[in-house]
Amino acid sequence: MTSPHTYITTTIPYVNARPHIGFALELVQADVLARFLRLRGDRVRFQAGTDDHSLKNVLAAQAAGVGVREFVDRNAEAFLALGPALSLTVDDVIRTSRDRRHRPGVERFWQACADAGDLYRKRYEGLYCTGCEQFYAPAELRGGRCPEHETEPQQVAEENWFFRLSRYAQPLRQAITSGELRIEPAGRRREVLALIDGGLEDFSVSRPAERADGWGIPVPGDAGQVIYVWWDALCNYVTALGYGTGGGAYRRWWAGGPGSRRIQLLGKGVLRFHAVYWPAMLLSSGQPLPTDIFVHDYLTAGGRKISKSSGSGADPAALAAAYGTDAVRWWLLREVPRVGDADFTVERMIARADDELANGLGNLVNRVVAMVHRYRDGRVPGPRPVPAGGEDLDAACRQAGDRAWAALAEFDFRQATAAVWAIADEANRFINRVRPWELARAERDGDAGAGRRLDAVLGVLFGACSALGRELSAFLPDAAARVTGQCTPDGGRLPLASPVFRRLSPEARPAAEVSGADDGGGQAPGR
Ligand SMILES: [Zn+2]
């Protein structure tokens with residue numbers, strides 16, 4: 001699955017409020033893919049952005065009594081701040097109202113579809129959900145309400161531009177069933193095929209400028225209309241690459257040759273836009289399709305639906321500041337299933353971090369480094385054959401990278417972290433089984449065989465810690481750097497053991513107790 005160029009995008013959220021933990025999920029998943037592919041030698045571009053031209057932004061700004069521009073700028077800042085807060089390796093960010101690359105690209109895109117004969121004007125009457133920014137057919141509503149927002153849509157009658165979506169049902173179906181456009185998980189692929197088979201109707205792609213309060217990009221040649229915000233927003237994936245403004249980035253990342261990939265991550269609520277509208281727009285304008293669409297489910301917070309506007313979603317930047325980036329990333333990657341919703345609570349995040357990062361991983365690294373100091377004066381014994389009983393650990397270390405990659409190829413982040421986590425698990429089991437402190441005692445009592453075995457045991461354990469530093473780097477970059485720091489000798493000796501994770505819960509039992517009374521260090525620094 002390695003490829004010359006891989007372009008990874010996240011959806012660009014409305015900035016009608018501050019970001020919530022649900023959006024952090026998508027960013028962290030994209031970041032893990034980007035980091036992992038870079039480590040494998042791919043050339044990767046990780047693209048993010050904000051969707052500024054939403055009617056929702058206009059309404060939220062009016063409610064807050066602030067100008068739209070000021071309101072959008074302020075919230076966009078909060079989204080951009082997620083980059084450092086979550087240790088994201090975003091290569092580029094586009095803001096649809098601010099970025100000079102965007103509008104010319106949207107206009108070119110529009111023109112290309114017009115030239116293909118796919119845009120026409122029509123009077124339209126329908127039920128509109130401002131939350132979704134889309135018209136709904138009565139059959140699509142649940143009890144007369146928007147299935148996404150559970151609000152009653154407005155009756156809207158206006159003359160708009162329409163896009164000939166109906167023309168693309170067969171080509172779309174073909175692209176999806178042939179695997180040219182891969183949609184994961186399979187349930188989402190079936191959902192899209194069902195949408196297509198249910199009949200695709202042309203959709204409205206402009207709004208009267210007055211209803212949008214003048215906010216948005218005017219339709220080329222028709223100043224009374226602004227381009228529908230979804231059309232505008234979807235274009236970001238190519239306008240960010242210079243579609244419409246020139247430059248080689250578009251050719252390299254979107255119109256790349258065979259083997260290059262365009263991976264798009266999104267939530268289930270915007271599936272229709274990304275897996276039906278967007279590919280149809282690309283086909284109409286003569287552009288390549290994405291190669292992969294991965295759809296994540298939703299997070300709830302404390303059992304309740306997360307929504308930016310209700311303020312019920314935990315703020316990922318605040319969580320990272322309070323509990324550390326590692327804890328937030330680890331929860332998102334370790335607990336959110338590939339299919340199905342997951343419920344976030346701070347307590348669950350803390351429990352997961354304390355159990356696995358502080359007690360499992362942190363304690364392991366600490367014990368091993370402490371033992372190397374205590375028994376070998378900080379010098380890691382040279383390579384030895386794998387000691388009896390260490391085969392499973394050795395296998396976990398050697399297989400972690402390939403297993404993690406196999407899982408990531410299926411967008412299964414939980415499975416990928418499990419492959420890496422197996423190293424820590426096996427290593428802790430191995431320590432408890434071989435009891436290195438007893439080998440050290442026997443060595444002191446003159447048993448040379450025990451000394452040789454201790455060398456081999458410390459060697460394989462040190463190898464496990466080094467492997468963790470290496471294999472975790474895409475998932476927990478900050479923590480991985482600390483683990484690697486502990487495993488990097490200076491002047492032939494390891495640095496003294498110091499905790500690589502702090503426990504987050506004050507009630508948590510000290511890690512040294514959890515690991516059992518031993519002579520080998522626990523969290524106690526080696527001497
Ligand atoms: Zn809605």
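In what follows, buried means under 20% relative accessible area, exposed means over 50%, and partly exposed lies in between, computed with a 1.4 Å probe on protein chains only. This is a predicted model, in which local features need pLDDT of at least 70 and side-chain atom pairs count only at pLDDT 80 or more, while totals for chains, interfaces and linings use all residues. Residues are numbered from 1 along each chain as its sequence is written, and side-chain values use heavy atoms, with hydrogens and water left out.

Let me begin with the aromatic residues. Rings of Phe, Tyr and Trp (for Trp, the six-membered ring) pair if their centres lie within 6.5 Å; planes under 30 degrees apart count as stacked, over 60 as edge-to-face, and the rest as tilted. The structure holds 26 such aromatic pairs. One of them joins Tyr7 and Trp254 in an edge-to-face arrangement, 5.9 Å centre to centre with 85 degrees between the planes. This pair links distant parts of the chain, 247 residues apart: Tyr7 belongs to strand β1 (residues 5-9), and Trp254 to the loop between α10 (248-253) and β12 (261-267). Helices (H or I, at least four residues) and strands (E, at least two) are DSSP runs, numbered from the N terminus. Tyr7 is buried, its relative accessible area being 1%, and Trp254 is buried at 0%. Another edge-to-face pair is formed by Tyr128 and Phe135, at 4.8 Å centre to centre and 70 degrees between the planes. Both Tyr128 and Phe135 are buried.

Rings also meet charges here. A charge sits over a ring if NZ of Lys or CZ of Arg is within 6 Å of the ring centre and within 35 degrees of the ring normal. Arg108 lies over the face of Tyr243, 4.1 Å from the ring centre, and Arg482 lies over the face of Phe501 at 5.3 Å.

I turn now to salt bridges, defined as a side-chain nitrogen of Lys or Arg within 4 Å of a carboxyl oxygen of Asp or Glu. The count by this rule is 41. Arg101 takes part in a bridge with Asp92 at 2.7 Å, N to O, and in another with Asp99 at 2.8 Å. Asp92 is buried at 16% relative accessible area, as is Asp99 at 18%. Glu438 and Arg435 meet at 2.9 Å, N to O; Glu438 is partly exposed at 38%, and Arg435 is partly exposed at 35%. Salt bridges that share partners join Arg182, Glu184, Arg189, Arg261, Asp292, Arg338 and Glu410 into one network.

Next, helix α11. Which length should we expect for its 14 residues, 271-284? The expected span is 1.5 Å times one less than the number of residues, so α11 should span 20 Å, and its end C-alpha atoms, 19 Å apart, agree with that. The helix bends by about 30 degrees at Tyr277, and Pro279 follows within four residues; the bend is the angle between axes fitted to the seven residues ending at a residue and the seven starting there. Twelve of the 14 residues of α11 are buried, among them Phe273, Tyr277 and Trp278. After the helix comes Gly286, with a positive phi near 75 degrees.

Finally, an open sheet of three strands has the order β9-β11-β10, with antiparallel pairing. Its edge strands, β9 (206-208) and β10 (218-219), each pair on one side only. Two strands pair if DSSP finds at least two bridges between them; two bridges join β10 to β11 (residues 222-227). Val219 stands opposite Asp222 in β11.
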